[in-house]
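Welcome! Please take a moment to look over the sequence and the 3D structure, and then we will walk through some of the helices together.

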Amino acid sequence: MSKNPLILFEGIECSGKTTQIKKIKNYLKKKKKKFIHIREPGGSNNSEKIRTLLLNDKFNSASMTDLFLYMASRNENIEKIITKNYHKKIILIDRFVFSTLAYQHYGMGIKKSFIEMLNKNILKDIRPDFIFLHVINLRILKKRLKFRKNNNRYDKFSLNFYSKVQKGFLKLLRNKKNMKIIDSSQSISSNTKEIINKIEKLL
Ligand code: TMP
C-alpha cells in the first residue's frame, strides 16, 4: 500500500460525501500532508466546463451522451492531474469509476461491460487504494433533496432511481477488501473519526 493513497468517496446525493471530504482536507492540512482534491464530474479546467454543461437543468441529453461526457471529464483529470501525482501525493476524489457504473449502468441501463471497457482504457494502471462508500436511508434522502439549494439536473430523479443506484453501489463494492461503508444516519463527527482512523492506517 502506498503512503500516498488514491482515496475515493462514493455514494448517492446527500449521503454526506462532500461534508466528510471537507473534514478530511482540514485534517490533512493540520497534519501538513500533501494532497490533491478532485470532484467528478469536474476537477481540471476542462472537466469543470464539462460539469457545467452536464449538470445544467436545460441540457436535455441522452444517457449515452452523458456517459461520454463523464468519461471525457475523467480522461482530462487522468491526463492533466492524476497520472503525474499518483502515489506522489494523497489524492482524494469525490466520485469516480464506481459512480459511472452505479448511475449509468444500474440507474440508466447502459451495458456494464461497455462502461468497464471505457474505464479500463482511461485508467490504464491507475487503481484506487481505498473507497469510502457513503450510504443513506431513502426517507432521509427525500427530505434532504427537498431542502437542497441549487438542485442540478441529476438531483431531480425519482427516489426509485436513487434506490437502484445505491443498490448498484453496494453490489459493486460490498465484497471489496479495500472499502468501508459510511452510514450517514450516524453522526457526522463519528463518521469523520471512522474515516480518519482508516486513513491514518493507510498513510
Ligand atoms: P455532485 O457532484 O453534486 O454529486 O453531482 C454529480 C452528479 O453526477 C451526481 O448526480 C452523480 C452524477 N454522476 C454520474 O451520473 N456518473 C458519473 O460517472 C459521475 C462521476 C457522476
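Which residue just after α5 takes a positive phi? The residue is K124, with a phi of about 50°.

Before going further, a word on what you are looking at. This is a predicted model, in which local features need pLDDT of at least 70 and side-chain atom pairs count only at pLDDT 80 or more, while totals for chains, interfaces and linings use all residues. Residues are numbered from 1 along each chain as its sequence is written, and side-chain values use heavy atoms, with hydrogens and water left out. Helices (H or I, at least four residues) and strands (E, at least two) are DSSP runs, numbered from the N terminus.

Let us start with helix α5, residues 112-123. Its 12 residues reach 16 Å from the first C-alpha to the last, close to the 16 Å expected at 1.5 Å a residue; the expected span is 1.5 Å times one less than the number of residues. Buried here (under 20% relative accessible area, with exposed over 50% and partly exposed in between, using a 1.4 Å probe and protein chains only) are I115, L118, N119, I122 and L123. Seen down the axis of α5, these fall within an arc of 120°, so they line one face of the helix. That arc is taken from the directions from the helix axis to the C-beta atoms. Covering them are elements including α3 (63-85) and α4 (97-107), whereas the face turned away carries the exposed K120 and N121.

Now try helix α8, residues 188-202. Its buried residues are N191, T192, I195, I196, I199 and L202. They cover an arc of only 135° around the axis, which puts them on the same side of α8. They pack against β1 (6-11), α1 (17-30), β4 (130-135) and β5 (179-183). On the face turned away sit the exposed S189, K193 and K201.

**Helices that cross**

Two packed helices are described by the angle between their axes and the distance between the axes. Axes are lines fitted to C-alpha atoms, for helices over the stretch in contact (heavy atoms within 4.5 Å), and angles run from 0 to 180 degrees between N-to-C directions.

| Pair | Axes come within | Crossing angle |
|---|---|---|
| α6 and α7 | 11 Å | roughly 125° |
| α4 and α7 | 8 Å | roughly 130° |

The contact between α6 and α7 is made by L138, L141, K142 and L145 of α6 and L159, Y162 and S163 of α7. Between α4 and α7, the contact residues include F98 and Y103 of α4 and F161 and F169 of α7.
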